[in-house]
Amino acid sequence: MYAYGKALGRLHTLSACFEPKTKKWTHEEALEWTRSVLSEYLQRDRAAAQCDEIKRELDGLEMNSDLYGLIHYDFEPDNVFYDEDKNACAVIDFDDGMYHWFALDIEQVFESLEDVLFGEPLRAAKEEFIRGYREEHCFTKEMEASLPLMRRFINLYSSARLVRCTAEQYAQEPEWMVNLRRKLEKVISKKEAEREGIWKVN
């Protein structure tokens, strides 16, 4: 967990001064794409309201090179290789990167940890991850406070991606595709329920 966090911190430090020849899209562009997809396939007014609310809250966050830059967006264990001898991590799969707050990458890590850990082991893993992260990059109170908002963005954006990839259906689909579609549709329903719960509470 320490090496895992340290690798992400190093990535964010490098990202803060990185000037690419071809730029990835921004959080605003990703959110606008999310709005268009969800409006097309789900209830338009509700999707727009959710996107607008998240945008308003994101607009209220401080944006500087310590907090905002090119993020990985998929810094989960299946994209990170651990070298036990060196106690270091190497990262792959930068396809989904975008310009966003660094806190989003951290929240995605925490979400993936919550799939496999509970209670004290989960708390300890998060603390050790942040300890490693702080070796390479700042982790401020503002970043910590923004994590729930980052989770909401992830939920909304990932729902749009799932909805988009399951929307097209073909005649005589193989069984594996039918089963995969069913699984993804369950995930979409779960995320929709989670979003509705969040918005009702708020």
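How close do the axes of helix α2 and α7 come, and at what angle do they cross? They come within 9 Å and cross at roughly 50°. Axes here are lines fitted to C-alpha atoms, for helices over the stretch in contact, with angles from 0 to 180 degrees between N-to-C directions. Helices are DSSP runs of H or I, at least four residues, numbered from the N terminus.

A word on the model. It is predicted, so local features need pLDDT of at least 70 and side-chain atom pairs 80 or more, while totals for chains, interfaces and linings use all residues. Residues are numbered from 1 along each chain as its sequence is written, and side-chain values use heavy atoms, without hydrogens or water.

Back to the pair. Contact means heavy atoms within 4.5 Å.

Next, α1 and α5. Helix α1 is residues 2-16, helix α5 is 119-134. Their axes lie 6 Å apart, at about 40°. That makes α1 oblique to α5.

Now the core. The largest nonpolar core has 48 residues. Such a core is a set of buried (under 20% relative accessible area, 1.4 Å probe, protein chains only) Ala, Val, Leu, Ile, Met, Phe, Trp, Tyr and Cys residues joined through side-chain atoms within 4.5 Å. I106 and F153 have the most contacts inside it. Leaving aside neighbours within four places in sequence, I106 touches residues including L8, F129 and L147.

Terms used. Buried < 20%, exposed > 50% of the residue type's maximum accessible area, 1.4 Å probe, protein only. Helix = DSSP H or I, 4+ residues; strand = E, 2+ residues; numbered from the N terminus. Parallel < 35°, antiparallel > 145°, perpendicular 65-115°, else oblique.
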